[in-house]
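This briefing is meant for a reader who is meeting the structure for the first time. Please look over the sequence and the model before reading on.

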Amino acid sequence: MLDDQPVAEFGLDSLSLVELLFSIEEHFKIDLPDNRTDLNTLTGLAGLVDDILAETAAQ
């Protein structure tokens, strides 16, 4: 499944990944934690964003 492949497989280097994370934070008005290791796949990233948005909505 493509979602479970490392983002590097999509041609994103570390700088591109950081830029993507900043764009996601800006778009969703959230802060992604710096110490997460599950941000290396699209599935992990989407799951984390969903979790943060659900937490924010519950507050």
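The points below go from the chain as a whole to its helix packing and then to its core.

The model is a predicted one, and its chain holds two helices and zero strands. Taken along the principal axes, the C-alpha atoms fill a box of roughly 35 × 25 × 20 Å.

**The chain as a whole**
- Of the 59 residues in the chain, 24% count as buried.
- When contacts between residues at least 6 apart in sequence are considered, 39% of them join residues that are at least 24 apart.

**How the helices pack**
- Helix α1, which covers residues 14–28, packs with helix α2, which covers residues 42–58, at an angle of about 25 degrees and with the axes 12 Å apart.
- Because angles under 35 degrees count as roughly parallel, α1 is described as roughly parallel to α2.
- The crossing in which α1 passes α2 is right-handed.
- On the α1 side the contact is made by L20, L21, I24 and F28, while α2 brings L45, V49 and L53 to it.
- The residues of this contact divide into seven nonpolar, no polar and no charged.

**The nonpolar core**
- The largest nonpolar core has eleven residues in all, namely V7, L17, L21, I24, I30, L32, L39, L45, L48, V49 and I52.
- Two or more residues of this core are given by each of α1 and α2, and the largest share, four residues, comes from α2.
- Leaving aside neighbours within four places in sequence, L45 is in contact with L20, L21, I24, L32, D38 and L39.

Terms used: Residues are numbered from 1 along each chain as its sequence is written. This is a predicted model: local features need pLDDT of at least 70, side-chain atom pairs count only at pLDDT 80 or more; totals for chains, interfaces and linings use all residues. Side-chain values use heavy atoms; hydrogens and water are left out. Axes are lines fitted to C-alpha atoms, for helices over the stretch in contact, and angles run from 0 to 180 degrees between N-to-C directions. Angles under 35 degrees count as roughly parallel, over 145 as roughly antiparallel, 65 to 115 as roughly perpendicular and the rest as oblique. A crossing is left-handed if the near helix is turned anticlockwise from the far one by less than a right angle, and right-handed if clockwise. Contact means heavy atoms within 4.5 Å. Ala, Val, Leu, Ile, Met, Phe, Trp, Tyr, Cys and Pro count as nonpolar, Asp, Glu, Lys and Arg as charged, and the others, Gly among them, as polar. A nonpolar core is a set of buried Ala, Val, Leu, Ile, Met, Phe, Trp, Tyr and Cys residues joined through side-chain atoms within 4.5 Å. Buried means under 20% relative accessible area, exposed over 50%, partly exposed in between (1.4 Å probe, protein chains only).
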